[in-house]
Amino acid sequence: MEREVSGMRKYYESGKTKEASWRESQLKGLRSALMEKEEDILKALKQDLGKHHVEAFRDEVGILGRSIDVALKSLRRWMAGREAKLPKIAVLSRADIVPEPLGLVLIMSSWNFPFGLSLEPLIGAIAAGNAAVLKPSEMSPACSSLLATILASYLDNNAIKVFQGGPQLGQQLLCQKWDKIFFTGSAQVGRIVMSAAAQHLTPVTLELGGKCPAVVDSLSASWDTQVAAKRIVSAKYGSCAGQACIAIDYVIVERNFAPVLVESMKAWINKMFGENPKENNSVARVVNKQHFSRLKNLLDYPEAKNSLVFGGSMDEDSLFIEPTILVDPPLESEIMREEIFGPLLPIITVEKIEDSIQFIKSRPKPLAIYAFTNNKTLQRRMSSETSSGSIVFNDAIVQYVADTIPFGGVGGSGFGKYHGKFSFDTFSHEKAVMQRSFYTDFWFRHPPWTLNKFQLLQAAYNLDYFGMLLVLLGLKKTRRYSIWAAM
Amino acid sequence: MSSNESKKVFDEGAALLLVDELRGIFASGTTRSYEWRVSQLKALSKLVDDREQQIIEALRSDLCKPPLETVAYEIAMLKNSCRVALKELKHWMKPEKVKTSMTTFPSSAEIVSEPLGVVLIISAWNYPFLLSLDPVIGAIAAGNTVVLKPSEIAPATSSLLAKLLEEYMDNSSIKVVEGAVDETSALLQQKWDKIFYTGNGRVGRIVMAAAAKHLTPVVLELGGKSPVVVDSDINLRVAARRIIAGKWGCNNGQACISPDYILTTKDFAPKLIDALKTELGKFYGENPLESKDLSRIVNMNHFARLRKLLEDDKVAGKIVYGGEKDESKLRIAPTILLDAPRNSLIMKEEIFGPLLPIITVNKLEESFDVINSGTKPLAAYLFTNNKKLREQFVTTVSAGGLVVNDTTVHLATHTLPFGGVGDSGMGSYHGKFSFEAFSHKKAVLYRGFKADASVRYPPYTKTKLRLLKALIGGSILGIIRAIFGWS
């Protein structure tokens with residue numbers, strides 16, 4: 001492996017990946033791969049996660065296609081950098097901020113959106129001109145192996161490689177020196193990644209998770225309630241069965257409104273996923289037995305039967321858990337302390353909806369907060385009093401497809417961001433470049449020092465042009481004299 | 001006050017209490033208001049104005065820094081940073097509205113900057129005032145609570161900072177912890193929302209590894225060997241003066257962006273050396289070892305380190321100017337060496353002192369390979385009038401920042417990001433970059449209940465898939481075609 005990695009570094013140093021034409025060819029190659037291999041990709045996602053092919057298209061393939069289009073369209077503009085303004089004193093000087101690739105980067109992705117979370121960062125890495133190693137998750141093996149095949153046949157193998165394997169391979173990779181590590185996964189592994197990166201002073205982006213709450217105000221219009229319930233149900237159960245970093249983890253709603261919301265949600269679950277979701281494949285599967293047991297145990301608290309209001313049936317053989325709703329499980333129970341990452345939805349009731357703000361604030365910062373409300377005051381309060389990677393009003397998960405806003409966490413949900421230009425930036429170094437002329441040599445920069453030079457320096461640093469003029473004309477009084485005398 | 005009490009040991013328990021206290025203050029919202037931030041920035045500016053004499057004295061005590069250097073580099077630059085922050089703060093704090101695309105239509109979005117919370121700033125000894133307070137300006141402007149740990153290797157400045165910040169600033173939100181390894185370790189055990197470290201790579205690794213335990217993002221401002229490439233067809237006098245100003249005029253070479261070594265052609269080297277000798281004579285006189293216009297070496301440790309670099313037989317013989325030392329006064333005269341061996345210690349480690357090796361090459365283009373064969377430095381300099389050479393320099397040399405035809409001036413330009421890449425660090429600051437270094441950019445997305453496209457939701461049909469493809473693709477034509485069933 002070390003030989004392969006050092007081979008990639010040599011290739012990067014040849015300068016090939018920096019060329020705009022190379023970057024464009026790779027992005028186009030990726031585009032072709034997505035179009036030509038679409039069926040295989042959708043099949044692999046069905047195999048690993050039981051995703052319905054439309055869900056798989058909507059959440060992974062479609063979005064990736066769009067990201068590539070955005071990158072191709074904007075590439076030259078992103079590569080051009082920008083000019084930095086200079087004060088007037090810097091006459092005949094010029095300053096620019098020039099983006100350059102970091103070099104050889106490592107992307108470690110997760111199993112729940114194996115194509116999306118592997119290729120979205122890769123698009124950024126390529127657009128920024130880097131060579132990249134991708135380590136997909138071994139917990140989605142069909143997707144992982146398809147990724148390896150596709151990237152090998154559509155992209156430049158000298159610069160882009162896929163290494164497949166589990167934690168051991170991960171550790172081996174982390175021993176190498178990278179110019180950037182982009183990690184999507186759990187906080188526990190995130191710590192390991194960052195510790196390893198620290199040994200080489202490698203910058204990292206960590207896309208972690210958290211318990212993303214959905215606050216639902218008591219909506220007066222029935223249409224609004226219907227839409228809110230619909231969006232919550234779709235976001236929770238319709239996207240990898242709740243196994244997503246930005247999935248709605250739990251709902252907070254006023255006690256009086258809870259029954260209305262729950263009824264509406266039940267109706268939508270039936271409408272969207274049918275009477276028998278296990279048979280008609282409208283809800284994805286739990287990824288493996290380990291996570292299945294974990295989720296089963298979450299329902300294993302005293303009085304669980306009392307809080308269960310919908311669903312609850314599980315089938316270990318097919319790794320299927322039905323869309324489940326619980327109302328007011330105890331706050332100290334595991335299901336309210338750990339990130340759920342599955343199709344179980346606790347609903348926490350409060351007296352007043354404003355109480356949700358303190359509830360959220362007293363817990364670790366999540367990757368996303370969702371608030372369903374028309375109340376502008378509540379919106380403003382939620383946005384300014386809570387902190388999260390992002391906050392979305394009246395919808396959920398859609399922030400993932402908006403490429404003009406950064407996607408990333410804060411605090412326990414991670415740091416760094418990507419999507420759109422943010423992907424390009426995250427894999428670039430913004431190099432400051434300043435150009436000066438020989439003609440503008442300010443004599444007062446250099447010793448031997450005189451009181452006059454002292455005054456001019458001070459005026460210059462304060463951009464006090466008039467002051468400088470006064471000094472030159474010998475008209476400026478100064479208290480510098482005392483410092484001068486003491487020297 | 002504190003000087004009369006016996007010094008309490010600052011251990012982990014004390015550090016934990018400190019962080020908890022600051023978390024409480026931050027949660028109360030004091031530091032978030034525009035008024036608070038402005039009041040603190042103004043207080044800092046006043047502190048620098050009022051106590052200029054004391055600051056100069058402290059730096060004279062710690063480094064024998066010439067008062068003019070203190071005024072020009074530490075005081076004037078700090079005041080400039082305050083001025084820029086005060087002028088721009090309202091603009092920086094405003095949410096940035098961004099466009100949204102068809103994929104989330106209808107929606108509106110903005111990016112809101114929010115403070116991270118409780119931040120730790122660890123600074124260095126060479127510009128102890130500037131490197132402590134410049135990041136503090138950014139942290140305050142962004143609305144955080146701050147703990148500053150100044151370097152114990154500059155003790156007069158450290159204790160002055162503790163005294164002055166206590167006197168002028170809001171003590172409940174801005175604290176100074178003085179001390180050495182023990183105190184720093186106690187601080188690093190705690191959970192911070194950001195750590196900003198200026199110093200060397202060895203400690204940088206320790207800081208990042210400690211941060212990894214809490215998933216704390218870091219900015220590391222480190223160093224490296226900043227090279228100067230000198231072409232022949234230039235204004236030699238101006239170039240020599242600028243090299244001298246950047247090297248010996250900056251704390252006698254003890255600066256992270258000081259020219260570390262020079263690369264020039266074999267033919268041109270003698271001319272360059274002559275020019276340097278001439279200008280050095282003008283700047284510092286016949287006896288530079290005694291010159292008041294040069295800082296001394298900070299302590300015996302570093303003096304011994306620098307002496308060791310010259311002790312190598314193969315190196316000592318290459319001295320062409322200077323070389324005088326005075327251990328009792330911790331002084332080393334400006335020293336130039338010609339063609340010290342590439343594998344000698346002086347060519348492998350960052351010098352951080354008044355020794356300037358000149359390495360000669362046959363063709364100037366070879367110097368870029370020499371530079372790229374080492375780790376990425378914090379800065380790289382080129383003196384040339386040759387446009388092609390200049391372009392080659394900008395595209396092939398990777399460093400934190402580049403300057404053509406001058407040295408170190410990019411530090412004073414607040415519209416350029418100041419930071420490293422690779423071994424020279426990660427993250428950047430100055431001007432708006434300081435504000436952003438201590439902020440979280442939260443994505444805010446607003447959606448309404450009215451328009452709700454059913455294509456996103458299950459149950460999934462062929463029609464929905466067609467429409468989804470068109471919708472994600474974002475073209476109006478595509479959407480129309482999909483609606484009419486033509487795609």
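Where in chain B does B:Cys256 lie? In this predicted model, B:Cys256 is located in the loop that joins α9 (236-247) to β9 (261-265) of chain B. With a relative accessibility of 18%, B:Cys256 counts as buried, because the cut-off for burial is under 20%. Leaving aside neighbours within four places in sequence, B:Cys256 is in contact with B:Asn126, B:Leu222, B:Ser226, B:Glu350, B:Phe352, B:Leu378 and B:Phe418.

An unreviewed UniProt entry assigns the feature "active site" to B:Glu221 and B:Cys256. The two positions are spread over 36 residues of sequence, yet they cluster in space, with a largest C-alpha distance of 8.8 Å. Of these residues, B:Cys256 is included in the lining of the largest cavity. B:Glu221 belongs to strand β7 (residues 218-221) of chain B and is buried, at 3% relative accessibility. Its contacts, other than those within four places in sequence, include B:Phe196, B:Tyr197, B:Thr198, B:Gly199, B:Phe418 and B:Tyr429.

As for nonpolar packing, the largest core comprises 167 residues, and A:Val251 and A:Tyr370 have the most contacts inside it. Helix α4 (residues 53-80) of chain A gives the most to this core, contributing eleven residues. Another core, of 112 residues, lies apart from it and has among its members A:Ala84, B:Ile56, B:Val228 and B:Phe435. Not counting residues up to four places away in sequence, A:Val251 touches A:Ala214, A:Val216, A:Ile232, A:Leu261, A:Leu345, A:Pro346, A:Ile347 and A:Ile348.

How values were computed
Residues numbered from 1 in each chain as written. Chains lettered and ligands numbered in written order. Predicted model: local features only at pLDDT ≥ 70, side-chain atom pairs only at ≥ 80, totals over all residues. Heavy atoms only, no water. Core = buried A, V, L, I, M, F, W, Y, C linked by side-chain atoms within 4.5 Å. Buried < 20%, exposed > 50% of the residue type's maximum accessible area, 1.4 Å probe, protein only. Helix = DSSP H or I, 4+ residues; strand = E, 2+ residues; numbered from the N terminus. Contact = heavy atoms within 4.5 Å. UniProt positions renumbered as here; feature names shortened; annotations may be inferred. 1 Å grid on protein atoms, 1.4 Å probe; cavity = no way out; pocket = protein on both sides within 12 Å on 5 of 7 lines; lining within 4 Å.
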